[in-house]
Amino acid sequence: MTSDMPTGNTPPAHLTQVNGEKIAYHYSPGRTPGVIFLHGLMSDMDGGKALHLEEFCKKRGNAFLRFDCQGHGQSDGLFKDGCMTRWSNDSVDVLDQLTTGPQVLVGSSMGGWNMLLTALKRPERIAGLLGIAAAPDFTEDLMMNDLSAEQHQKIAEQGYVELPSDYGDDPYVISKTLLEDGRENLLLRRPIDLDVPVRLIHGMQDPDVPWQTALRIQQMIASNDVEITFVKNGDHRLSEDKDLDRLTHTLEVLLTQIENNTP
């Protein structure tokens, strides 16, 4: 793999993967533990949470990386060809190729599933996890039940179905590949063998991912250091100013704990 890293933050740098496709990213150097932001489904690295965390980490002096998974944002590939295996492999690639030392993964929605899968693939590199409306197993637990019989039939016949999105003009393209691969990556049916500090923030008015998902994560993960913050009136995005302040405060406390416990 090769990386071309221009000076400045615009345009993004690109990591060329072994298949020739390029992953777009922005990296801010700093001390460890570094922080890596994992975006949500059909989102990208330029959202409010990612940019807020980047500014926070720059001021604090910690390294920060944000990137677009395949088929998202400015990276190569088509969204309809993507799946959790591919997206978590993208995360492993940027972790391996672009960062050094211990890292804290911050995953939003689908990025929360990606966060757990990535940590399981590289447990020796992960110092902590922070999930925002984390959505492991969403393909099986949420999508499969929400799809109508007609939509299931359409997926079977043409390989995908388009669903309207509440967060943009482009529809969600739910593919047979995404659903089948999701089934191969389910995490909440068995213990999750990760023993690092975990922080979860979840809005109790989240219309997309039930807040009970956070309870399920803490139940299944091996770590005894798990804290959940429920936001009574919080939505799925959790991107209002007060939400962003809560997010950086949570990350500040987590980073301080990790730094104080590092030999």
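Student: Leaving aside neighbours within four places in sequence, which residues is Thr139 in contact with?
Tutor: In this predicted model, Thr139 is in contact with Trp113, Met144, Leu178, Leu179, Gly182 and Arg183.

Student: Where is the place of Thr139?
Tutor: Thr139 sits in helix H4.

Student: Buried or exposed?
Tutor: Thr139 is buried, with a relative accessible area of 1%.

Student: Trp113 was among those contacts. Which residues of H3 are buried?
Tutor: Trp113 is one of them.

Student: What do the buried residues of H3 pack against?
Tutor: Strands E4 (31-38), E6 (103-108) and E7 (126-132), and helices H2 (84-98), H4 (138-146) and H6 (176-184).

Student: How far does H3 reach from its first C-alpha to its last?
Tutor: Helix H3 covers residues 110-121 and reaches 17 Å, close to the 16 Å expected at 1.5 Å a residue.

Student: What about Ser109, where is that?
Tutor: Ser109 is in the loop between E6 and H3. Its phi is positive, about 55°, although Ser109 is not a glycine. Most residues other than glycine have a negative phi.

Student: Is Ser109 buried or exposed?
Tutor: Ser109 counts as buried, because its relative accessibility is 13% and the cut-off is under 20%.

Student: Which other residue has a positive phi although it is not a glycine?
Tutor: Met42 has one, at about 60°. Met42 lies in the loop between E4 and H1. With a relative accessible area of 29%, Met42 is partly exposed.

Student: Changing topic to E4. How many of its residues are buried?
Tutor: Six of the eight residues of E4 are buried, so the strand is largely enclosed by the rest of the structure.

Student: Which strand do four bridges join to E4?
Tutor: Strand E5, residues 62-67; E4 and E5 run parallel. In that pairing Val35 stands opposite Phe64.

Student: And how many bridges pair E4 with E6?
Tutor: Five, also in the parallel sense. Here Phe37 stands opposite Val106 in E6.

Student: What do E4, H1 and E5 make?
Tutor: A right-handed β-α-β unit, with H1 spanning residues 48-60.

Student: What joins Thr32 and Pro33?
Tutor: A cis peptide bond, with omega about 0°. Pro33 is found in strand E4. Most peptide bonds are trans.

Student: Back to E5. What does Leu65 touch, not counting residues up to four places away in sequence?
Tutor: Leu65, in strand E5, touches Tyr25, His26, Tyr27, Val35, Ile36, Phe37, Val94, Leu98 and Thr99. At 0% relative accessibility, Leu65 counts as buried.

Student: How far apart are Leu65 and His26 in sequence and in space?
Tutor: They are 39 residues apart in sequence and 5.9 Å apart in space, C-alpha to C-alpha.

Student: Cysteines next. How many disulfides does the count come to?
Tutor: Zero, taking a disulfide as a pair of cysteine sulfur atoms within 2.5 Å. Cys57 is in no disulfide, and the nearest cysteine sulfur, that of Cys69, is 18 Å away.

Student: Is Cys57 buried or exposed? And Cys69?
Tutor: Cys57 is buried, with a relative accessible area of 0%. Cys69 counts as buried too, at 1% relative accessibility.

Student: Last topic, confidence. What is the mean pLDDT of the chain?
Tutor: The mean is 94, and 95% of the residues reach 70 or more.

Student: Where is the pLDDT below 50?
Tutor: Over residues 2-8. Beyond near neighbours in sequence, that stretch has 15 contacts in the model. Where pLDDT is low, the predicted coordinates should not be read in detail.

Methods:
Residues are numbered from 1 along each chain as its sequence is written. This is a predicted model: local features need pLDDT of at least 70, side-chain atom pairs count only at pLDDT 80 or more; totals for chains, interfaces and linings use all residues. Side-chain values use heavy atoms; hydrogens and water are left out. Helices (H or I, at least four residues) and strands (E, at least two) are DSSP runs, numbered from the N terminus. The expected span of a helix is 1.5 Å times one less than its number of residues. Buried means under 20% relative accessible area, exposed over 50%, partly exposed in between (1.4 Å probe, protein chains only). Contact means heavy atoms within 4.5 Å. pLDDT is the predictor's confidence in each residue, from 0 to 100. Two strands pair if DSSP finds at least two bridges between them. A crossover is right-handed if, with the strands pointing away from the viewer, the path from the first strand over the helix to the second runs clockwise.
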